[in-house]
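Biologist: I would like to learn how to read a structure like this, one feature at a time. Could you give me the general idea in each case and then show me where to look?

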Amino acid sequence: MVSAAQKAAIRDSWAGIDLQAAGNAFYHQLKANAPDAYAVFNLGGDAGKIAAQGLKVMTFIDGVVKGLDDMGGVKASIDNLGQRHTGYGAKKAHFGPAGPCLLAALAEVCGGKFTPAAKDGWTALYGLISDGICSHLQ
Ligand code: HEM
């Protein structure tokens with residue numbers, strides 16, 4: 001459940017964000033703080049692969065943020081993404097450690113816009129995405 005206030009805080013913090021910078025920050029966080037999850041992506045230290053994968057994840061999240069007025073559509077796209085993740089070797093256990101990595105990456109790239117309200121909103125939104133993907137995983 002993402003409240004109207006949380007949606008507003010998410011939009012404010014995300015406005016004008018550099019998707020590539022956010023993606024790079026997320027994978028650097030994962031590499032440092034969630035190595036088991038990072039390993040599943042098979043990126044090693046390849047900056048080009050990290051950049052490409054980071055952009056994919058943040059482009060998906062950008063679509064979610066743009067769709068927050070249509071939660072049915074958001075949930076359907078997360079459900080599809082979760083189905084695809086069954087073929088990637090991802091496990092439920094990877095998603096707990098990945099959450100703080102996403103929040104830390106957003107704190108880096110959003111700077112002063114990552115207010116306590118934004119953090120609260122993103123925590124709720126990550127929960128929605130993570131629960132939706134994990135409902136397909138073991
Ligand atoms: C916020 C959470 C996450 C989001 C939004 C997300 C999104 C995506 C997207 C958009 C792709 C590109 C392929 C596609 O669209 O199906 C992808 C690929 C992938 N994801 Fe996720 N993901 C998330 C978390 C995770 C986690 C925690 C894992 C497990 C460690 C994981 C494992 C993978 C793998 C292995 C791929 C395939 C990479 C490749 O092309 O080789 N994902 N993810």
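Biologist: Where does Gly-54 lie, and is Gly-54 buried or exposed?

Modeller: Keep in mind throughout that this is a predicted model. Gly-54 is part of helix α4. To judge burial, one counts the other C-beta atoms within 10 Å, and a residue with 20 or more of them is buried. Gly-54 has 24 such atoms around it, so Gly-54 is buried.

Biologist: Which residues is Gly-54 in contact with, leaving aside its neighbours within four places in sequence?

Modeller: With those neighbours set aside, Gly-54 is in contact with Gln-20, Gly-23, Asn-24, Phe-26 and Tyr-27. As for Leu-106, which is 52 residues away along the chain, its C-alpha atom is separated from that of Gly-54 by 13 Å.

Biologist: How does Lys-49 count by its C-beta neighbours?

Modeller: Lys-49 is also found in helix α4, but Lys-49 has 14 C-beta neighbours inside 10 Å and therefore counts as partly exposed. The C-alpha atoms of Lys-49 and Ala-105 are separated by 18 Å, and the two residues are 56 apart along the chain.

Biologist: Where is the place of Asn-42, and what is its phi?

Modeller: Asn-42 sits in the loop between α3 and α4. Its phi is near 60°, which is a positive value in a residue other than glycine. Because Asn-42 has 11 other C-beta atoms within 10 Å, Asn-42 is exposed.

Biologist: How are two packed helices described?

Modeller: Two packed helices are described by the angle between their axes and by the distance between those axes. Take α2, residues 19–33, and α6, whose axes come within 8 Å and cross at roughly 135°, so that α2 and α6 are oblique to each other. The crossing of α2 past α6 is right-handed. Among the residues that make this contact are Phe-26 and Leu-30 of α2, together with Cys-101 and Leu-106 of α6. By class, the contact of α2 with α6 has 14 nonpolar, 2 polar and 1 charged residues.

Biologist: At what angle do α1 and α7 pack?

Modeller: Helix α1, residues 4–14, packs with α7 at an angle of about 105°, and their axes are 8 Å apart. The two helices are therefore roughly perpendicular to each other. In α1, the residues that meet α7 include Ala-9 and Ile-10, while those on the α7 side include Trp-122 and Leu-125. Sorted by class, the contact of α1 with α7 has 7 nonpolar, 3 polar and 3 charged residues.

Biologist: Where do the axes of α5 and α7 come in this picture, and at what angle do they cross?

Modeller: The axes of α5, residues 71–85, and α7, residues 116–134, come within 7 Å and cross at roughly 45°, which makes α5 oblique to α7. This crossing is right-handed. Ile-78 and Leu-81 are among the α5 residues that take part, and Leu-128 and Ile-129 are among those in α7. The residues of the contact of α5 with α7 divide into 5 nonpolar, 3 polar and 2 charged.

Biologist: Which residues come nearest to the ligand, and which helix gives the most to the shell around it?

Modeller: There are 19 residues around the ligand, and of these Ala-37, Arg-84, Tyr-88, Ala-90 and His-94 come nearest. At least two residues of the shell are supplied by each of α3, α4, α5 and α6, and α4 gives the most, with 5 residues. By class, the residues of the shell divide into 13 nonpolar, 4 polar and 2 charged.

Note on methods:
Residues are numbered from 1 along each chain as its sequence is written. This is a predicted model: local features need pLDDT of at least 70, side-chain atom pairs count only at pLDDT 80 or more; totals for chains, interfaces and linings use all residues. Axes are lines fitted to C-alpha atoms, for helices over the stretch in contact, and angles run from 0 to 180 degrees between N-to-C directions. Helices (H or I, at least four residues) and strands (E, at least two) are DSSP runs, numbered from the N terminus. Angles under 35 degrees count as roughly parallel, over 145 as roughly antiparallel, 65 to 115 as roughly perpendicular and the rest as oblique. A crossing is left-handed if the near helix is turned anticlockwise from the far one by less than a right angle, and right-handed if clockwise. Two residues are in contact if their C-beta atoms, placed from the backbone, lie within 7 Å. Ala, Val, Leu, Ile, Met, Phe, Trp, Tyr, Cys and Pro count as nonpolar, Asp, Glu, Lys and Arg as charged, and the others, Gly among them, as polar. A residue is near a molecule or strand if its C-beta atom, placed from the backbone, lies within 6 Å of it. A residue is buried if 20 or more other C-beta atoms lie within 10 Å of its own, exposed if 12 or fewer, and partly exposed in between; C-beta atoms are placed from the backbone.
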